[in-house]
Amino acid sequence: MRIAINEFMSLDGVVQAPGGPAEDTDGGFAHGGWSQAFFDPEVVGGAFDQALGAADALLFGRRTWQTMAAAWPGRGGEPFADRMNSIKKYVVSGTLKDDGLTWGNSIRIPGGEAVARIRELRAAEGGDLLVMGSPTLARTLLAEGLADELRLMIMPVLLGGGKSVFPADGGKRPLELVSTVTSGTGVNVCTYRVAAAG
């Protein structure tokens, strides 16, 4: 399986709380919902549709899984929602219990076993293992060399600080730009694949 990371991102690399004000206020982050003004169904929505269509499973960190689990189960009857609810979902967590996985087809990966278990999933046959949001998890996957593709929806806004998916360990990680599409709202949807080190 390929691991594909999809992120809404500001020009200054922030991915925290794109969806709503209460999504993630860690560190006093006050700009929750910042992506909504730039979302367009055709380009940005199309990028998510394409990514979800190529996925055999979703991979989440705990906070993002809880946000999604609160939002999607009641939204059936449209292809995107039905797919989100029916697809297999892995959630990395050291605090959730298996009986707390109320969103259908969710499987917990204990936090301490995450890297090893994700390596096993990546080595298995199948389509993409899609990461949406989950900045701590995405950063770990990049640092461990487990991410195969990054699809960044880079929005024309500066947020001045917040969570990032990029490792800050001084490591060099070459990427290859595979495609870029610009929406009428100024979003650049850039797809990168991990390039050979050099």
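Here are some notes on the structure above, point by point.

1. Ground rules. This is a predicted model, where local features need pLDDT of at least 70, side-chain atom pairs count only at pLDDT 80 or more, and totals for chains, interfaces and linings use all residues. Numbering starts from 1 along each chain as its sequence is written, and side-chain values use heavy atoms, with hydrogens and water left out.

2. The main core. The largest nonpolar core holds 36 residues, and Met 84, Met 132 and Met 153 have the most contacts inside it. A nonpolar core here is a set of buried Ala, Val, Leu, Ile, Met, Phe, Trp, Tyr and Cys residues joined through side-chain atoms within 4.5 Å. Buried means under 20% relative accessible area, exposed over 50%, and partly exposed in between (1.4 Å probe, protein chains only). Among the elements that each supply at least two residues are strand 1 (3–10), helix 1 (44–54), helix 3 (79–86) and strand 5 (128–132). Helix 1 gives the largest share, 5 residues. Helices (H or I, at least four residues) and strands (E, at least two) are DSSP runs, numbered from the N terminus.

3. Around Met 84. Leaving aside neighbours within four places in sequence, Met 84 is in contact (heavy atoms within 4.5 Å) with Leu 52, Leu 58, Met 68, Trp 72, Lys 89, Trp 103 and Met 132.

4. Helix 1 against helix 3. The axes of these two helices come within 11 Å and cross at roughly 40°. That makes helix 1 oblique to helix 3, since angles under 35 degrees count as roughly parallel, over 145 as roughly antiparallel, 65 to 115 as roughly perpendicular and the rest as oblique. Axes are lines fitted to C-alpha atoms, for helices over the stretch in contact, and angles run from 0 to 180 degrees between N-to-C directions. Phe 48, Asp 49, Leu 52 and Gly 53 from helix 1 meet Phe 80, Arg 83 and Met 84 from helix 3.

5. Ser 10. This residue sits in strand 1 and is buried, at 1% relative accessible area. The side chains of Ser 10 and Asp 12 are joined by a polar contact of 2.5 Å. A polar contact is a pair of N or O atoms within 3.5 Å; within protein, one must be able to donate a hydrogen and the other to accept it, and residues adjacent in sequence count only if both atoms are side-chain atoms. Beyond its neighbours within four places in sequence, Ser 10 is in contact with Trp 34, Ile 154, Met 155, Val 157 and Leu 159.

6. Ala 17 is in the loop between strand 1 and helix 1 and is buried, at 4% relative accessible area. Asn 105 lies in the loop between strand 3 (88–93) and strand 4 (106–110) and counts as partly exposed, at 47%.

7. Gly 184. Look for this one in the loop between strand 7 (175–182) and strand 8 (188–194), where Gly 184 is exposed, with a relative accessible area of 86%.
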